[in-house]
Amino acid sequence: MACDGYFRWACKKKTCTEEELFAEKEVKYVPSEQRKADQKFLDEEVLKAIKAHPEDKVIRRYLKTMFSMPT
């Protein structure tokens with residue numbers, strides 16, 4: 001698929017040392033400006049489609065619902 005690279009995080013190194021492998025470090029993802037623009041465009045299109053649907057209020061309520069897995 002041609003868009004696989006779009007959804008993949010950028011890797012900095014292919015190999016690492018043992019210390020780097022087991023070190024606890026926080027990886028923070030920061031989306032690119034292109035991804036932000038794409039997400040904004042997609043959100044607008046989805047909202048436009050929802051508003052055009054006859055049961056838009058039900059769909060909005062469903063999308064606002066918080067889901068969780070039972071423990």
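This is a predicted model: local features need pLDDT of at least 70, side-chain atom pairs count only at pLDDT 80 or more; totals for chains, interfaces and linings use all residues.
Residues are numbered from 1 along each chain as its sequence is written, and side-chain values use heavy atoms, with hydrogens and water left out.

The chain has four helices and zero strands, in the order α-α-α-α from the N terminus. Helices (H or I, at least four residues) and strands (E, at least two) are DSSP runs, numbered from the N terminus. Of the 71 residues, 1% count as buried; buried means under 20% relative accessible area, exposed over 50%, and partly exposed in between, with a 1.4 Å probe and protein chains only. The accessible surface comes to about 7,600 Å², and carbon and sulfur atoms account for 60% of that surface. Such areas come from the Shrake-Rupley method with a 1.4 Å probe, and for residues only the protein chains shown count as cover.

Side chains of opposite charge can pair when their charged atoms come close. A salt bridge is defined here as a side-chain nitrogen of Lys or Arg within 4 Å of a carboxyl oxygen of Asp or Glu, and a search of the whole structure finds two. One of them joins Glu-33 to Lys-36, with 3.5 Å between the closest N and O atoms. Both residues lie in helix α3 (residues 33-52), three residues apart, or about one turn of the helix. Glu-33 is exposed at a relative accessible area of 60%, whereas Lys-36 is partly exposed at 42%.

Another salt bridge links Lys-48 with Glu-45, the closest N and O atoms being 3.3 Å apart. Lys-48 and Glu-45 are also three residues apart in helix α3, and therefore separated by about one helical turn. Lys-48 counts as exposed at 51% relative accessibility, and Glu-45 is partly exposed at 33%.

Helix α3 also holds Leu-47, which is partly exposed at 41% relative accessibility. The C-alpha atom of Leu-47 is separated by 9.3 Å from that of Arg-60, 13 residues apart along the chain. Arg-60 is found in helix α4 and is partly exposed, with a relative accessible area of 31%.

Arg-60 also belongs to a surface patch of positive charge, together with Lys-51, Lys-57 and Lys-64. The largest share of this patch, three residues, comes from α4. Patches are made of residues with over 30% relative accessible area and no salt bridge; like charges are joined within 9 Å, and nonpolar side chains (Val, Leu, Ile, Met, Phe, Trp, Tyr) within 5 Å. Lys and Arg count as positive and Asp and Glu as negative, without His and the chain ends. The place of a charge is taken as NZ of Lys, CZ of Arg, CG of Asp or CD of Glu.

A nonpolar surface patch of about 380 Å² is formed by Tyr-62, Leu-63 and Phe-67. Leu-63 is found in helix α4 (residues 56-64) and is exposed, with a relative accessible area of 53%. Tyr-62 and Phe-67 are both exposed as well. The whole structure contains one aromatic pair. The ring centres of Tyr-62 and Phe-67 are 5.7 Å apart and the ring planes stand at 65°, so the pair is edge-to-face. Rings of Phe, Tyr and Trp (its six-membered ring) pair if their centres lie within 6.5 Å; planes under 30 degrees apart count as stacked, over 60 as edge-to-face and the rest as tilted.
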